[in-house]
Each structure stands twice: as C-alpha cells, then as structure tokens.
Amino acid sequence: MELRLVGPGPYRATRLWNEIIELFRAGMPLRKHRCRFKSYERCFKASEAVDCLHELLGSNQNFGPEVTRNQTVKLLKKFLKNHVIEDIKGRWGKEDFQDDGHLYRFPPSSPLRPYPKKPSCGKEVIKFPDWNEPRAGTSQEHIPVKSVTMNSEMWYKRHSIAIGEVPACKLVFRRELTQANIEEIWKSMTLSRLQKVLGLDSLDEVLDTKLVNSKHIVQNAYNVNKQGIVTLEDKSKELPHWILSAMKCLANWPSCSDLKQPTYSGFERDVFKTIVDYFDQMKEPLLTFHFFDVFVSVLGLLQKHSKAVEALQISCLLLPPENRKRLQLLVRMMARISFNKDLPPLSETVRTRTLMVQAFSRCILCSKDEMDLDELLAAKLVSFLMDNYQEILSVPSALKSSIEEHVVHLQRVQIKYAGADTDATIPPPSFCHQISTDEFEYQRATGSEEPLAALLEEIAMNKEISVKDKKKQLKQFQKSYPEVYRVRFPTPETEAVLFPEKTKQKPPILMWALKKPFQPFHRTRSFRM
C-alpha cells in the first residue's frame, strides 16, 4: 500500500490510526508457526511485528525515522488492547505485549475506528465595532459633518482626476477603538490567518473558538523582553526559581553563573531528573488539551517547512502567556542540551536528543482522552520544535504588521466619494453608504462651508506653488464649489489681485547702439584743379 501524507484537518489522529493499521495489516508477513506441538496458520511472532511496524513508521512521512523501537512496542501494546491484534488463542484487551517470540494474529473483524462526532460548539462570530449603528439619541438620516483641516496639497490630490462636478461625498468619522475592540480584531484576524495556512474551510472541527482568549493573544504579541520571551503580569505564575536555576545550569553547561556545581559524578543527571519530575507532575500539557487537535493538524504540514513554521507560530500565540513562556524556556533548554558537546551523556543507552524528546513530549502535547498515537505525534512535533524553536516561538511579524495597519485604518478619518475609492490600497469600508443629492447639499451647506473657505484661502495665499498650478487649482475649486468660490472672489477684479500684471520694462538704449558700426578708413584721392 502506498505511503501517503495525512494532511491537516479534523480527526487527523483518527485518520492516522486507521492509516497505520491498514499499512500494518497489508505489510505484515503471515505464515505458519508451531507452538507447543501445535501448528497455527497465518500468524506472526511478536518480535517480527515489532520489526515490521518499526520499519513502517520510520519510512512513513507522518512519523519519520526518529521513532524508536521502544515506542513501536508501546504502540503494539495499544494494538493488542484495542483488538487490532490478538494472541493465537483469541485473547486481547490487555497491554501485555512484549518484544519476544509469542504468537499473534489479526482478528477477522475490522479494527478501523469510525470518525467521532463532536458536539457542535457553534460558530463564534467575532463582531467588529459596527460603525453603522448610531449612538443612542442620534439619527442616521442627517449626520452632522465636522470641520476637517485639509491643506492645498491634499485637496489637489483628491480633486486632480478631472475638472468637473465632484460626486457626492461624506466625511466619515470613526468611533474611538476601545481595548476590547482591538483584542477582538486580533483574535478574528489571527484565527482567520490560521485557517488559511491550514487550508481548512472552517476551524470548527479542530478548535472551539470560544475557548480562545483574545487577551492572551495581545499579551503574547506585545509583552515580551529583548530575547522574545513572554513577560507575565501575574508573577505568581512564574516558574520556581530553583527550576529556572536547574534549567540554566544544563542549558549553559559547563558555565553556570547562579549555581555552584558540586564535584560529584552524575550531578548533571540528578539536575536533569529534577527538571523532568517537575514537568511530569503538571496536570495539563503546555500546549493545553483544548488546542490538541490544532497542533495535530499542523503536523500534516511538516513537509512544507515555511507553512508549518507559520502555523505553529500562530497556534502558539493562542496559548495562555504562562504556558507560552514555559514552552519557550523548556524548548530552548532542550535544544541547547542536544547540541552541547561539553555536557556529559545523560543516559547510557539513549542519545541525548532522543532522550529530550522522550522525556518532555508528554508534558508538551497530549490529549485529554489518552489517544493511542499521542506519544508518536508528540515526539514528531517536539522534534520539529527543537529544530526551529527560534522562529516558531517568536511573534509572527507579518501577522502583527497587518493587524496594526488594519487598526490604524479603522481609526483614520476619510472622505468617501460615491463611485470612487479614496484609498486604493485598502478595501472601501463597509459602513459607508451612498447618499442622495439633497442630503449631500444639506451636509455641504450646514457643515462644509467654513473648512472649504479656509482651504480656498490657503490655496490663494500659498506662495510655494507656481502661478500656473495655483490657477489650475483655483479653477478646479471653482468648478466643484462655485458658491464658496463666489463668496471669496465675487468679481474678476478680486481674483486678478492674486495675479498682478508685471510691467515689462524695455532695456535702456545705449548711445553707442545708435552709431553706425565701425568702418575702416579709405583714402581718397584729391584732385587739383
């Protein structure tokens, strides 16, 4: 059977479970074996099953070559417990599988699992501040237009399309965004980006959006120190000092600044065991039970490195700040220990990197319902985290910039023209609507004359522009707002004052110019009579 990559999406763990079972049943050699003077058809030894499944997992893109033989044995124990396999006497239900010569076989019934039906949590529609809803006591029929300060350059830019009647327009004044509004925008745009990166039609099957705390996202994005580590507002949620000292000791080995190193042999292993014991006693993994399906879905993108990194960046931004900080410190320590050649081996039988993955996978990712592939999935994710922790555990700069630009845009005052987009780089706001000509005339007469008159005066008195440009701008203004223009320049003479005629003085006539040009002397003959 072809090995295929199970991509992101709902029930990915269940799909992987069924995928492995199908591959194992199709690839496991079955033959005749003898046990206690009796022959059994179509069965296999336990050690043969370990060999086959270990090779299968190592070559599968969903798991990879870092799967150990011990992890394979644990998975076969779960196979026996869930009746994927049974012993030759038909017994199953216990996790007493061992890597030995006992005989097992496949049951005749299908061991594949149906996809679970999750209770519908309902879609949470993130409400942006609705600018169409009027404040209490105000009418939307006649919105008073406030004065706007516009310089001549801005006005000329907005009216340089053509000389003619300007379409009906309306000054749009946005309400002030509250902190709650900004947090809602962060949550909505973050989840929208995550959905796009995962390539899903909806996040409903992998995440209950009601459990996403918008305050956590904003705190994780802005409350960081120079190293990019989250700073907590509640200091009681910090890691204990003795654990931080132990983690720094191994991460910076052999130079430990705040801990005196004892001289006895095996000290580093005792420190490591202390750290492992502390994280093992946590009631919930650092990535939380709520986000388990999200992170499992991200595992389907590991073949696309950049997308996987971005998806994990955004997913880790959803974590509670104390969880994110602990994850940052722990993964950074794991990576440094793995690459530290000066640190003595922490195990006699297991490589340091493999030991890091085995020791901390469960405290980083596991499901609340104890799913059968938890350990393998967690190991895959933790390995990727260790290799790319600096990128993954930093704030996604592109997402942050886009959200900040959107917030600034929502707070910006604009003039909306019917049939024209005043800001080509940003989609036209949905809260602007077309108004009638009578309403436009009413707004212009009641609130626009003073700022327009001030604008006209600025154009008239501007000495930095050329006479040609000034005449062009005044002509456009006259076409657009003839009444305002007529008040300022009631007669052509008042307008002509701005452009006084310069009397051209003729250059003085030099005396030498009147003389004939120099002619050479010619001798003439004199005739005597």
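Modeller: Two strands count as paired here if DSSP finds at least two bridges between them. Helices (H or I, at least four residues) and strands (E, at least two) are DSSP runs, numbered from the N terminus. Bear in mind that this is a predicted model: local features need pLDDT of at least 70, side-chain atom pairs count only at pLDDT 80 or more, and totals for chains, interfaces and linings use all residues. Residues are numbered from 1 along each chain as its sequence is written, and side-chain values use heavy atoms, leaving out hydrogens and water.

Colleague: Fine. What makes S2 and S4 a pair, then?

Modeller: There are 2 bridges between strand S2 (residues 39-45) and strand S4 (residues 103-105). The rule asks for at least two, so they pair. The two strands run antiparallel, with Lys45 opposite Leu103 in S4.

Colleague: And how do you know that S1 pairs with S2?

Modeller: Same rule: 3 bridges join S1 to S2, again antiparallel.

Colleague: Which strands are called edge strands, and why?

Modeller: The open sheet has 4 strands in the order S1-S2-S4-S3, with antiparallel pairing. Strand S1 (31-34) and strand S3 (86-87) are the edges, as each pairs on one side only. Helix H2 (residues 46-59) packs on the sheet and touches S1, S2 and S4. Contact means heavy atoms within 4.5 Å. The direction of H2 makes about 45 degrees with that of S2; axes are lines fitted to C-alpha atoms, for helices over the stretch in contact, and angles run from 0 to 180 degrees between N-to-C directions.

Colleague: What about Thr288, buried or exposed?

Modeller: Buried: the value is 5%, against a limit of 20%. Thr288 lies in the loop between H8 and helix H9 (292-298) and has a positive phi of about 65 degrees, although it is not a glycine.

Colleague: How do you know which kind of ring pair Phe97 and Tyr104 form?

Modeller: Rings of Phe, Tyr and Trp (its six-membered ring) pair if their centres lie within 6.5 Å; planes under 30 degrees apart are stacked, over 60 edge-to-face, and the rest tilted. Phe97 and Tyr104 sit 5.0 Å centre to centre with 40 degrees between the planes, so the label is tilted. Phe97 is buried at 0% relative accessibility, and Tyr104 is buried at 6%.

Colleague: And what makes Tyr278 and Phe279 edge-to-face?

Modeller: Their ring centres are 5.4 Å apart and the planes meet at 90 degrees, so the pair lands in the edge-to-face class. Both residues are buried. By the ring rule the count is 14 aromatic pairs, and ring pairs link Trp17, Phe24, Phe44, Phe79 and Phe106 into a cluster.

Colleague: Why do you say that the buried residues of H17 line one face?

Modeller: Lys470, Gln473, Leu474, Gln476, Phe477 and Ser480 are buried in H17. Seen down the helix axis, these buried residues fall within an arc of 160 degrees, so they line one face. That arc is taken from the directions from the helix axis to the C-beta atoms. Helix H17 (residues 467-480) has 14 residues and reaches 20 Å from first C-alpha to last, close to the expected 20 Å; the expected span is 1.5 Å times one less than the number of residues.

Colleague: Last one: what does Val382 touch?

Modeller: Not counting residues up to four places away in sequence, Val382 touches Met334, Val357, Ser361 and Ile364. Val382 is in helix H13 (residues 374-387), and its relative accessible area of 1% makes it buried.

Terms used: Buried means under 20% relative accessible area, exposed over 50%, partly exposed in between (1.4 Å probe, protein chains only).
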